[in-house]
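This briefing covers the overall fold, the dimensions and one surface feature of a single protein chain. Please consult the sequence and the structure shown below while reading.

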Amino acid sequence: MKITDFVYSALIGLVASCRSMTPMAAIAAARITRRETSGRLLLLDRPLFKYGALAMGVGELFGDKMKSAPDRTVFLGLSARVASAGIAGAALAPSGKEKTGAAIAISAAVPLAYVTLAARKKAIAGMGQTRSGLIEDTLIVAAGAAVVFLATRSKRL
């Protein structure tokens, strides 16, 4: 086993540092489009969780633009990042190494949440909350989609 086997788990942790629900939404979208992950992920094979993850991902994109939106480093924000990064990191890890993938994704998501929050606050000061949020959304959703696409494969019929 090489550390490079977990690059997708680490990258999805980076995504989770900015948008807590995007990793699970990206995995759910992959499952809906019949893509397989290397790690076992039974939770998001259930329709309720699969479509729920998508809805929460979309909802987060809208909620982040509200002035009352809490910082990503508050307890609930970090908890959501831990859960989402852990689930997605496990799914993108090599088969049988899901716990390591989850740990790597969480280890990336939590400290980077503080770094990305500092960058976002700087962007808010320069261009406002909505505009900086839309730019961050575009970059993070694209990154999440790319990571999951590269890490998954089409199911054989």
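A residue counts as buried when its relative accessible area is under 20%, as exposed when that area is over 50%, and as partly exposed in between. By this criterion, buried residues make up 42% of the 157 residues in the chain. The model is predicted.

**Secondary structure**
- Six helices and two strands are assigned to the chain.
- Their order along the sequence is α-α-β-α-α-α-α-β.

**Dimensions and packing**
- The radius of gyration of the chain is 15 Å, which agrees with the value near 15 Å for a compact globule of 157 residues.
- Taken along the principal axes, a box of roughly 50 × 30 × 25 Å is filled by the C-alpha atoms.
- Of the contacts in the chain with a separation of 6 or more, 79% are between residues 24 or more positions apart.

**Surface**
- The chain has an accessible surface of about 8,400 Å².
- Carbon and sulfur atoms contribute 69% of this accessible surface.

**A nonpolar patch**
- On the surface, Val7, Leu11 and Leu14 form a nonpolar patch.
- Together, these three residues have about 210 Å² of accessible area.
- Leu14 lies in helix α1, which spans residues 7-18.

Methods. Residues are numbered from 1 along each chain as its sequence is written. This is a predicted model: local features need pLDDT of at least 70, side-chain atom pairs count only at pLDDT 80 or more; totals for chains, interfaces and linings use all residues. Side-chain values use heavy atoms; hydrogens and water are left out. Patches are made of residues with over 30% relative accessible area and no salt bridge: like charges are joined within 9 Å, nonpolar side chains (Val, Leu, Ile, Met, Phe, Trp, Tyr) within 5 Å. Accessible areas come from the Shrake-Rupley method with a 1.4 Å probe; for residues, only the protein chains shown count as cover. A salt bridge is a side-chain nitrogen of Lys or Arg within 4 Å of a carboxyl oxygen of Asp or Glu. Helices (H or I, at least four residues) and strands (E, at least two) are DSSP runs, numbered from the N terminus. The radius of gyration is taken over C-alpha atoms; the globule rule is 2.2 Å times the number of residues to the power 0.38. Buried means under 20% relative accessible area, exposed over 50%, partly exposed in between (1.4 Å probe, protein chains only). Contact means heavy atoms within 4.5 Å.
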